[in-house]
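Biologist: Please take a close look at one part of this model, the aromatic pairs and the nonpolar packing around them.

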Amino acid sequence: MIHIYLLCVGKLKEKFYADAVAEYQKRLSSYCKLDIIELAEEKLPQGPSQALIDAALAKEAAAIRAKLPPKARTVALCIEGQLLSSGELSKRLRTWEAGPSNQLCFLIGGSYGLDEQLKAEAQVRVSMSPMTFPHHLARVMLLEQLYRSFKINEGGSYHK
């Protein structure tokens, strides 16, 4: 069974996001071992300069690196990543599941995304959409797409 990690910057505060995450955690438990690790988002003033944003992203990246599973394939979620259909993601997941480490780690940044160097270090970069979504919603969307991928790979009807 594949072990999937989600390293997420920021804590879920809204109950509706937490409820959705809990539901997909329950659904995914039949398909994978899932660990969701929340990391603190750096506090920034209103209207921060790019230098302040970059410094905060660098600190968040250091926290992410400290929690990266050593053998996991890393997938950074970022807008400049590759756009994948649900079917394409399910094929990738099948390949990753058969890979040598059997560990997969998705990186979800905070309000300002992920540090550029961290994105460059990831083995894969994936975009959920060219649109911008709240990072808490991105977590729910990723879990839903992972569940959909497992259902596609087993030939289930959920994805229809």
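Is Y17 buried or exposed? Please go on from there to the ring pairs and the core.

Modeller: This is a predicted model. Y17 has a relative accessible area of 12%, so Y17 counts as buried, the cut-off being under 20%. The ring of Y17 pairs with that of F16 at 4.5 Å centre to centre, with 50° between the planes, a tilted arrangement. F16 itself is exposed, at 55% relative accessibility. The model holds five aromatic pairs.

Another tilted pair is formed by Y24 and Y147, whose ring centres are 6.2 Å apart and whose planes meet at 55°. Y24 belongs to helix α1 (residues 15-28) and Y147 to helix α5 (residues 135-154), so this pair ties together parts 123 residues apart in sequence. Through ring pairs, Y24 and Y147 join Y31 and F150 in a cluster.

Now the core. The largest nonpolar core has 29 residues, of which I4, L6 and F106 touch the most other members. Elements giving two or more residues to this core include β1 (2-9), α1, β4 (103-108) and α5. The biggest contribution, six residues, comes from α5. Beyond its neighbours within four places in sequence, F106 is in contact with I4, Y5, L6, L7, V75, L77, W96, L142 and L146. Another core, of 13 residues, lies apart from the largest one and has V9, A61, A72 and A76 among its members.

Conventions: Residues numbered from 1 in each chain as written. Predicted model: local features only at pLDDT ≥ 70, side-chain atom pairs only at ≥ 80, totals over all residues. Heavy atoms only, no water. Phe/Tyr/Trp six-rings, centres within 6.5 Å; stacked < 30°, edge-to-face > 60°. Buried < 20%, exposed > 50% of the residue type's maximum accessible area, 1.4 Å probe, protein only. Helix = DSSP H or I, 4+ residues; strand = E, 2+ residues; numbered from the N terminus. Core = buried A, V, L, I, M, F, W, Y, C linked by side-chain atoms within 4.5 Å. Contact = heavy atoms within 4.5 Å.
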